[in-house]
Amino acid sequence: MLKALHKNWVYAPLFFFGLLFLIPFLIMMLGSLLEMREPIGNPFAWIVNETKSIGNFTYIFTNAKFIQWTMNSLIITLVPVFSNMFFSAILGYIFAKKEFPYRETIFWIMMGVIMIPSQLLIIPRYIMFSEFGWINTYMPLIVPEIWGIMGVFFVRQYMMTLPKDLEEAAYIDGANDFTVFFRIYLPLAKPVIATVGTFAFIANWNDLLTPLIFTTSEEMYPITVGLASLLTKEGNFGVEMAGSLLSFIPTFLIFLFFQRYFVKGIALTGSK
């Protein structure tokens with residue numbers, strides 16, 4: 001009895017903090033159903049009293065360029081996601097299983113690049129992309145995100161946990177490097193590759209700074225910049241919350257779908 005009570009008390013703080021983190025989502029969902037022209041000071045004052053409707057969602061789909069913003073977000077998100085998963089898998093396999101000169105030196109130099117804040121590269125990138133004629137196009141939002149160093153790190157750490165005997169047995173049977181990678185290691189690395197894809201999707205879908213710098217017209221805005229501009233123009237809390245809810249749904253579904261792979265990939269990445 002005391003053991004069961006102690007166990008429940010252990011979970012009680014987790015339950016409390018879980019509810020605490022749900023409050024912003026509750027505000028977002030209830031706020032999306034409000035027809036209110038002015039920003040609110042106390043978000044809890046209207047939870048019960050205000051009239052709820054779906055007018056904000058209707059406004060977004062009929063008056064704002066929400067569909068165009070969503071398509072832009074999908075383009076600048078899905079291309080880096082698939083390219084990140086592909087290149088991270090290949091490079092992670094090479095750094096984990098192949099021997100070549102200065103392998104560790106090259107890898108840790110790559111890891112050191114992460115220490116440079118991405119904000120410091122905004123101005124040099126803007127000058128370079130301006131010379132290329134890429135401003136207000138998809139290119140500056142896609143090309144730098146084709147592959148990510150952290151994705152390579154995750155896949156490398158995961159593949160280092162896989163036994164080398166699999167590779168040696170395949171070579172004895174006459175397999176080449178491509179067969180070993182695509183038929184043996186790639187299927188076994190599904191959890192960590194799904195983790196890399198999940199991280200890439202969330203990072204690119206929710207990115208505000210980069211498209212804010214490199215896009216100049218509403219037709220090229222992704223959903224993050226579009227919602228920010230909508231709040232500036234409308235000043236409508238309900239419309240902003242409705243747009244935020246619609247923007248949140250894809251990331252929630254992606255995480256929900258890949259959750260079992262995500263947890264397994266994170267758990268096994270640091271096991272060696």
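## Lining of the largest pocket

In this predicted model, helix α10 gives the largest share of the lining of the largest pocket, contributing 5 residues. The pocket has a volume of about 930 Å³, and the elements that each supply two or more residues to its lining are α4 (103-113), α5 (122-132), α7 (149-159), α10 (190-205) and α11 (209-214).

Altogether 27 residues line the largest pocket, and those that lie nearest its centre are P144, E145, W147, G148 and I149. Sorted by class, this lining consists of 17 nonpolar, 7 polar and 3 charged residues.

Elsewhere in the description, the surface carries a nonpolar patch of about 580 Å², which is made by F15, L19, L22, F25, L26 and M29. One of these residues, L19, has its place in helix α1, which covers residues 2-31.

L19 has a relative accessible area of 43%, and it is therefore classed as partly exposed, since that class lies between the buried limit of under 20% and the exposed limit of over 50%.

I54 is found in the loop between α1 and α2, the latter helix spanning residues 55-63. Because its relative accessible area is 58%, I54 counts as exposed, the cut-off for that class being over 50%.

Although I54 and G238 are 184 residues apart along the chain, a separation of 9.8 Å is found between their C-alpha atoms in the model.

Definitions and conventions:
Residues are numbered from 1 along each chain as its sequence is written. This is a predicted model: local features need pLDDT of at least 70, side-chain atom pairs count only at pLDDT 80 or more; totals for chains, interfaces and linings use all residues. Side-chain values use heavy atoms; hydrogens and water are left out. On a 1 Å grid over the protein atoms alone, a cavity is a set of points where a 1.4 Å probe fits but cannot get out, and a pocket is an open set with protein on both sides within 12 Å along at least five of seven lines; lining residues have an atom within 4 Å of a point. Grid points are joined across faces, edges and corners, and a volume is the space filled by probe spheres set on the points. Helices (H or I, at least four residues) and strands (E, at least two) are DSSP runs, numbered from the N terminus. Ala, Val, Leu, Ile, Met, Phe, Trp, Tyr, Cys and Pro count as nonpolar, Asp, Glu, Lys and Arg as charged, and the others, Gly among them, as polar. Patches are made of residues with over 30% relative accessible area and no salt bridge: like charges are joined within 9 Å, nonpolar side chains (Val, Leu, Ile, Met, Phe, Trp, Tyr) within 5 Å. Accessible areas come from the Shrake-Rupley method with a 1.4 Å probe; for residues, only the protein chains shown count as cover. A salt bridge is a side-chain nitrogen of Lys or Arg within 4 Å of a carboxyl oxygen of Asp or Glu. Buried means under 20% relative accessible area, exposed over 50%, partly exposed in between (1.4 Å probe, protein chains only).
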